[in-house]
Amino acid sequence: MLLLNRIPKAFANSFPKTWQQSLVRLSTLAANCTIIAATFAVLSTPSYAQNVTTIAGNNGLSGFAGDGGSATAPAARLLFPLAVLARADGSVLIAEQAGNRVRKVDVGGVITTFAGTGGNSFTGDSGPATAAQINGPGALLEDAAGNIYIGSRGAIRKVTPAGIISTIVGNGTQANTGDGGLATAAQVFTVWGMRFDSAGNLFFSDFGAHVVRKIDTAGMITKIAGTGVAAASGGDNLPALTAPLNLPLGIVIAADGSLIVAVGFQYRVRKIIPGGNITTIAGTGANSSTGDNGPATAATLNIPWGLVTDGNGGYFVSEFSGNRVRNIAGSGTITTVIGDGTATNTGDGGLATAATINVPNGLGRDNAGNLFITSDGHVVRKIIAPPPPILGPSVFNAYVNTTTAALGTITPAGEQTVPFGGTVMMTVTPNPRHVHRVSSNCIYTQTNQPVAFVPIGTGINTYAVTVNGPCQMEATFTPLIPKASVAIEATANALFMMTERSQIYVAPTAGAQTMSTLGQSVTFKAWLTDIAGVPYASATNVITFKANGAAIAGCSNVPLTLRGSNVLHIREANCVTSFAVAGNTVITSEFGGDTYNFPAVSGGLNHSVSAAP
């Protein structure tokens with residue numbers, strides 16, 4: 001496929017006419033190059049072999065649609081996203097170069113318009129950003145105060161946290177003027193890369209003018225690299241102002257204050273030492289994708305575009321025409337993170353190393369290390385960062401819940417050191433009511449097969465616990481909280497059986513009404529359920545029956561008798577009484593408590609008494 005055909009028409013119009021002609025010639029040359037993607041598909045950085053997913057857009061479908069809904073819904077559309085910014089609040093901003101808008105995906109995944117109406121002009125200063133026109137936004141940046149900067153054709157715009165837009169450089173006319181004066185009086189061509197340094201100076205790449213410029217904290221603009229004339233190579237180890245650049249794109253600030261620039265049509269990533277020379281840190285100048293697992297300076301890059309730090313002293317760089325994102329490690333070694341040269345977007349839900357990406361452009365990275373990529377498939381994709389490595393041993397701590405410490409044991413108990421990712425075999429005796437992880441670094445599975453009909457509270461459970469950091473496990477041996485229930489004798493047996501079969505307490509239907517007649521003898525049954533083998537103390541092994549809150553004569557402190565069960569112990573008490581007043585009577589059964597001081601739950605029954613016929 002010709003390179004020119006890979007670039008959106010609206011996008012190509014940003015380039016100077018002389019560059020467009022060069023692009024056609026270079027496209028023809030690129031078409032004759034052999035793609036060796038298959039060789040390098042598996043040569044990717046192990047630390048970033050993580051899951052990849054799409055966070056916005058519908059692959060292959062372009063347009064402006066979906067505001068107010070899910071950013072990944074079938075109706076959601078983006079129009080050539082070219083830059084992505086992951087914000088501290090968890091939201092993501094996306095610059096749609098051909099859509100002339102900046103869209104926002106909030107933490108809930110809902111997409112809205114942040115700036116721009118879709119018109120490709122220069123309007124709206126001092127008003128709401130959503131009512132302004134922005135011409136081909138291609139760079140995004142946020143400062144410490146939460147202001148958003150939008151690099152575009154002919155201007156850099158600023159949007160305050162209140163949503164008001166203004167211009168800090170340029171007037172919408174694409175030109176390269178004003179160095180040495182106030183930025184507000186200067187003109188720019190096409191801004192597709194921006195970064196602040198630690199002092200608050202703003203650096204940006206003027207893609208169409210082939211220069212890198214700086215706006216200092218006093219608002220003065222100067223050129224720091226490039227001659228303004230495109231050249232395929234030249235200038236290494238010379239002052240940056242004498243070195244030609246050819247389409248500077250993504251930029252980052254290195255830890256030492258140096259400026260790192262992806263220079264698209266020099267097929268290099270270059271480093272500008274503050275006030276000094278320029279050198280190459282990746283790429284040989286050939287437009288292909290080779291050299292994985294070797295020195296980045298001996299590798300080739302196929303139109304490097306987006307650039308972000310990797311958090312470990314290195315950089316991620318997207319290859320626009322190479323259909324890859326690569327990592328230049330702090331050691332200088334280069335590897336592939338995603339893509340094999342195939343111009344498709346595949347692999348969502350799987351590992352990034354097995355996925356493909358279609359013409360990646362802008363890159364972003366959030367505080368958690370997740371990598372965001374804009375793609376020519378009108379989507380934004382995300383590579384989930386691996387968890388940070390934990391050096392040295394981890395601590396495994398297992399213990400029994402203090403309120404049930406007398407009822408069971410956990411082995412091994414207490415703290416012990418375990419290698420990160422190590423496994424501890426844990427035994428809990430007897431069968432606990434709950435085993436859970438107190439910290440998220442524990443991954444546990446039960447290794448023994450539960451046996452059917454084994455009484456609750458007996459037997460041994462075993463667990464394999466993988467320890468990925470400080471890990472705490474807790475076992476709780478809680479007897480079933482005693483529940484006092486009541487029913488008339490005719491329905492009691494069915495409820496007993498339900499309780500036995502399900503191995504848990506099942507309450508009677510509270511709203512059910514049963515009938516008796518004035519003066520007629522009626523029997524109520526009450527019962528408790530508890531763990532087999534854990535008897536209650538005899539002093540509290542009694543039930544009191546009440547009618548409308550008052551104890552029924554002869555039905556106080558009725559001893560409970562054991563009803564046999566191989567699963568639960570069910571203890572029941574009988575109350576025989578009659579009523580002299582017609583109407584609705586609420587019958588309750590109350591239990592005083594058990595050995596372990598768990599309060600009993602009283603059960604109730606609505607009972608209707610009718611007058612004699």
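Analyst: Let's start with strands: helices (H or I, at least four residues) and strands (E, at least two) are DSSP runs, numbered from the N terminus, and two strands pair if DSSP finds at least two bridges between them. The model is predicted, so to speak of a local feature we need pLDDT of at least 70, and of side-chain atom pairs 80 or more, while totals for chains, interfaces and linings use all residues. Residues count from 1 along each chain as its sequence is written, and side-chain values use heavy atoms, without hydrogens or water.

User: Which strands form the open sheet that includes S30, and in what order?

Analyst: Strands of a sheet pair through backbone hydrogen bonds, either parallel or antiparallel. Here the order is S28-S30-S33-S32, four strands with antiparallel pairing. At the edges are S28 (409-411) and S32 (442-446), each of which pairs on one side only. S30 (residues 422-429) and S33 (residues 461-467) share seven bridges; Thr423 has Thr466 in S33 as its bridge partner.

User: What is the strand order in the open sheet that holds S2?

Analyst: That sheet has four strands in the order S2-S3-S4-S5, and the pairing is antiparallel. S2 (81-86) and S5 (111-115) have a single partner strand each, so one side of each lacks a neighbour in the sheet. S4 (residues 101-105) pairs with S5 over four bridges, and Lys104 stands opposite Thr112 in S5.

User: How do I read the largest pocket, and what is its volume?

Analyst: On a 1 Å grid over the protein atoms alone, a pocket is an open set of points where a 1.4 Å probe fits, with protein on both sides within 12 Å along at least five of seven lines; lining residues have an atom within 4 Å of a point. Points are joined across faces, edges and corners, and the volume is the space filled by probe spheres set on them. The largest pocket has about 790 Å³. It is lined by 34 residues, and the closest to its centre are Leu85, Leu141, Met194, Arg195 and Val308. Elements giving two or more residues to the lining include S2, S6 (139-142), S10 (191-196) and S20 (304-309).

User: Where is the pLDDT below 50?

Analyst: pLDDT is the predictor's confidence in each residue, from 0 to 100. Where it is low, the predicted coordinates should not be read in detail. The protein chain averages 82, and 79% of the residues score at least 70. The pLDDT is below 50 over residues 1-49, and likewise below 50 over residues 594-598.

Conventions
Contact means heavy atoms within 4.5 Å.
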